[in-house]
Amino acid sequence: MGTTKAKLLSTKEHDPGIKTARRVLALEADALRALAAGLGPSFVAALDVLVAVTGRVIVTGMGKSGHVARKIAATFASTGTPALFVHPAEASHGDLGMVTERDAVLALSNSGETAELADLVAYAKRFAIPLIAVTSEPASALAQAASVALVCPAADEACPMGLAPTTSTTMMLALGDALAVSLLERKGFSADDFRVLHPGGKLGRRLLRVADIMHTGASLPLLPPTTPMMDAIIEMTGKSLGCIGIVDSRGRLSGIITDGDIRRHIADANVLRRTTGEIMSRSVKTIRADALASEALQIMNAKSITALFVVEDGRPVGVLHIHDCLRAGVA
């Protein structure tokens with residue numbers, strides 16, 4: 001059975017489709033290496049234009065270049081550079097109203113001669129709106145009209161007929177990513193900024209901070225060390241977090257009492273007449289408010305505990321329960 005499976009795998013490995021796929025990927029990889037090697041002053045000039053924009057980056061292109069332009073606009077927007085895709089044909093029928101003098105235009109055209117771009121290019125020139133061209137033809141009308149031309153190196157399309165946009169669109173897409181990430185770093189765009197723009201989905205959950213989901217204010221179960229345990233149990237039951245923080249006269253966290261601590265003392269007939277200071281554990285696991293919620297969850301799992309007090313300068317400002325992390329989708 002194993003021999004038969006090995007033969008089938010060997011046959012598939014030599015399938016003509018595998019050979020074609022490897023040729024395509026090799027061609028596109030070579031093109032990307034050439035693109036990276038050729039970056040220079042024009043790329044820096046394009047960054048200078050984009051970072052100075054006070055409005056939005058208008059990304060445009062026709063056909064396959066248009067599909068790439070949509071993705072580039074989305075990447076810009078999600079990494080701190082406001083951007084909008086404008087279809088060049090629709091621009092000629094009223095959507096030019098979306099483009100303002102505070103914007104910059106990023107136009108994609110492999111040939112640089114895409115007729116549908118003409119009105120948008122003319123509009124940018126008329127109102128002195130910066131125009132960045134991405135093209136493979138430095139002598140094209142688009143490149144000549146542009147404030148900055150980013151010229152992709154000559155490279156064969158992966159299509160055997162050399163017709164379907166493949167290698168050229170891969171270079172455009174990669175160049176868009178390079179611009180977006182370079183702008184992100186230049187602007188000092190942080191993980192917190194990223195979380196604000198990605199509140200949903202796995203990315204948003206991964207970047208949640210302890211401060212975003214912790215219990216604060218009146219929800220905090222805090223008592224002094226002189227409190228009778230009967231009152232402490234009532235407080236713990238009312239706050240429903242399975243623990244109480246014990247604070248000294250200066251408001252600093254000095255200990256903790258958990259459900260487990262109470263169970264361990266249940267055989268003590270005098271436990272209800274004792275004070276929180278007598279029962280508390282001085283070994284309190286804490287965390288910072290600005291720590292990632294995923295870090296807090298990792299600590300709770302590693303220490304086999306269900307809650308962490310959040311402290312600033314030794315004083316409790318919040319408490320995080322493992323259920324808070326699970327409800328928020330942190331895993």
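Trainee: Which residues lie nearest the centre of the largest pocket?

Mentor: Ile256, Thr258, Ile305, Thr306 and Ala307 do, among the 18 residues that line the largest pocket. This is a predicted model, in which local features need pLDDT of at least 70 and side-chain atom pairs count only at pLDDT 80 or more, while totals for chains, interfaces and linings use all residues. Residues are numbered from 1 along each chain as its sequence is written, and side-chain values use heavy atoms, with hydrogens and water left out.

Trainee: What makes a residue part of the lining of a pocket?

Mentor: A lining residue has an atom within 4 Å of a point of the pocket, which is an open set on a 1 Å grid over the protein atoms alone, where a 1.4 Å probe fits, with protein on both sides within 12 Å along at least five of seven lines. Helix 13 gives the most to this lining, with four residues.

Trainee: Why is Thr227 called buried?

Mentor: Buried means under 20% relative accessible area (1.4 Å probe, protein chains only). Thr227 has 9%, so Thr227 is buried.

Trainee: Which residues is Thr227 in contact with, leaving aside its neighbours within four places in sequence?

Mentor: Ala232, Arg274, Thr275 and Thr276, where contact means heavy atoms within 4.5 Å.

Trainee: How many bridges join strand 1 to strand 2?

Mentor: Three, and the two strands run parallel. Strands pair if DSSP finds at least two bridges between them, so strand 1 and strand 2 count as paired. Val59 stands opposite Phe85 in strand 2.

Technical notes. Buried < 20%, exposed > 50% of the residue type's maximum accessible area, 1.4 Å probe, protein only.
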